[in-house]
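Hello,

Here is the structure you asked about. Please have a look, then read the notes below.

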Amino acid sequence: MGYLVSTKGRYALRMILDLAENSTGSYVPLKEIAERQDISLKYMEAIMPNLVKAGLVTAIQGKGGGYMLSKNIGEYTVGEVLKASEGSMVPVACLEGGFECPRSSICKTRKVWEKLDLMIDGYLDNLPLSDLLEDDMTGCSQS
């Protein structure tokens with residue numbers, strides 16, 4: 001079974017949340033985040049450049065270096081972090097830009113996928129990441 005959000009996206013969320021909780025105006029080494037989150041440092045090194053490129057995180061190399069959030073945690077949404085780490089979030093390939101489906105003109109299910117895509121985007125793009133730091137989030141899994 002395929003999943004809409006891979007470990008890359010789930011870990012990116014955990015990394016950003018870790019920075020929000022543990023950065024006190026200073027850069028946080030990736031190794032520390034990896035240890036706290038129990039995520040492979042090598043895997044995190046593959047995810048973090050996407051977050052930097054998207055402008056979600058700033059980085060400094062060398063002694064005293066590490067990562068820091070680019071803005072206040074309340075300004076982030078779950079959707080923007082997932083899109084920065086995952087790329088496309090469409091539920092089916094036929095909604096992906098550049099995909100040419102030979103059945104698109106007669107497809108009876110396309111409207112279902114389009115509506116699902118809008119619902120997912122609407123939810124994730126309007127869910128502040130700061131809400132995940134609060135204890136009253138219900139139905140949120142710890143993966």
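A residue is called buried under 20% relative accessible area, exposed over 50%, and partly exposed in between, with a 1.4 Å probe and protein chains only. By that rule, buried residues make up 32% of the 143 residues in the protein chain.

Two points on the source. This is a predicted model, where local features need pLDDT of at least 70, side-chain atom pairs count only at pLDDT 80 or more, and totals for chains, interfaces and linings use all residues. Residues are numbered from 1 along each chain as its sequence is written, and side-chain values use heavy atoms, with hydrogens and water left out.

Overall picture

The protein chain has five helices and two strands. Both are DSSP runs numbered from the N terminus: helices are H or I with at least four residues, strands are E with at least two. The order along the sequence is α-α-α-β-β-α-α. Along the principal axes, the C-alpha atoms fill a box of roughly 60 × 35 × 25 Å.

Contact means heavy atoms within 4.5 Å. Of the contacts with a separation of 6 or more, 64% come from residues 24 or more positions apart.

The chain exposes about 9,000 Å², and carbon and sulfur atoms supply 52% of that. These areas come from the Shrake-Rupley method with a 1.4 Å probe; for residues, only the protein chains shown count as cover.

Helix H4

H4 spans residues 78-86, and its buried residues are Val78, Gly79, Val81, Leu82, Ala84 and Ser85. What covers them? The cover includes helix H1 (7-22), H3 and helix H5 (110-125). Just after H4 comes Gly87, with a positive phi of about 85 degrees.

The end of H2

Gln37 sits in helix H2 (residues 30-37). Is Gln37 buried or exposed? Gln37 counts as buried, because its relative accessibility is 17%. Leaving out residues up to four places away in sequence, Gln37 touches Arg14 and Asp18. With Asp18 there is also a side-chain to side-chain polar contact at 3.0 Å. A polar contact is a pair of N or O atoms within 3.5 Å; within protein, one must be able to donate a hydrogen and the other to accept it, and residues adjacent in sequence count only if both atoms are side-chain atoms.

Asp38 lies in the loop between H2 and helix H3 (41-53). Asp38 counts as exposed because its relative accessibility is 71%. The phi of Asp38 is near 55 degrees, a positive value in a residue other than glycine.

Best wishes
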